[in-house]
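Morning, everyone. Let's get the model up on the screen, please.

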Amino acid sequence: MAHILVIDDDPVLRRVITLALEKAGHSVLRCENGRKAIDFLEHEHADLLITDIIMPEMDGVETLRAARRLQPDLPILAISGGGSFDPADYLGIARAFGATDIMPKPFRPADLIERVEKLLAAPPG
């Protein structure tokens, strides 16, 4: 069982991701923005971070950069629907700033779980 931190400003998607991860046997902490997630990471450990890119208050790129400073080996999966742009644009930026893997929205829960399991099985670094 991994401890996974999920960050997304969409409460419905946060819940869908949480249910899929819990069904796969993981423990999930949900945050609606990057600032709350970074506050958590300053005091607690996570095995994996899943973050949306386009969020108010603290965007996903800023969040993953801060998470990298706190836990350099933390696997980070960046997700994005792209807003009014192609999600690949935002996800490419996220990869350049330290995301371990990227995944465009929408996605099937089974595809998310497959990606999560690969990230958790990969050696750190």
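I'll take the cores, then the salt bridges, then the pocket.

A quick word on ground rules. This is a predicted model: local features need pLDDT of at least 70, side-chain atom pairs count only at pLDDT 80 or more, and totals for chains, interfaces and linings use all residues. Residues are numbered from 1 along each chain as its sequence is written, and side-chain values use heavy atoms, with hydrogens and water left out.

Start inside. In soluble globular proteins, nonpolar side chains tend to be buried together. By nonpolar core I mean buried Ala, Val, Leu, Ile, Met, Phe, Trp, Tyr and Cys residues joined through side-chain atoms within 4.5 Å. Buried is under 20% relative accessible area, exposed is over 50%, and partly exposed is in between, with a 1.4 Å probe and protein chains only. The largest nonpolar core has 21 residues. Leu5, Ile7, Leu41, Leu49 and Leu74 touch the most other members. Several elements supply at least two residues each, including strand 1 (3-7) and helix 4 (87-96). Helix 3 gives the most, four residues. Helices (H or I, at least four residues) and strands (E, at least two) are DSSP runs, numbered from the N terminus.

Now look at Leu49. Beyond its neighbours within four places in sequence, its contacts include Leu5, Ile7, Leu41 and Leu74. Contact means heavy atoms within 4.5 Å.

On to charges. How many salt bridges does a search of the whole structure find? Eight. The cut-off is a side-chain nitrogen of Lys or Arg within 4 Å of a carboxyl oxygen of Asp or Glu. Asp101 pairs with Arg95 at 3.6 Å, N to O. Asp101 is buried, at 16% relative accessible area, while Arg95 is partly exposed, at 40%. Asp111 and Arg108 come to 3.0 Å. There, Arg108 is exposed, at 51%, and Asp111 is partly exposed, at 27%.

Lys118 and Glu114 bridge at 3.4 Å. They sit four residues apart in helix 5 (residues 109-121), so about one helical turn separates them. Asp8, Asp52 and Lys105 form a network of salt bridges.

Last, the pocket. Rolling a probe the size of a water molecule over the atoms shows where empty space is left. The largest pocket has 13 lining residues. Asp73, Pro75, Leu119, Pro123 and Pro124 lie nearest its centre. On a 1 Å grid over the protein atoms alone, a pocket is an open set of points where a 1.4 Å probe fits, with protein on both sides within 12 Å along at least five of seven lines; lining residues have an atom within 4 Å of a point.
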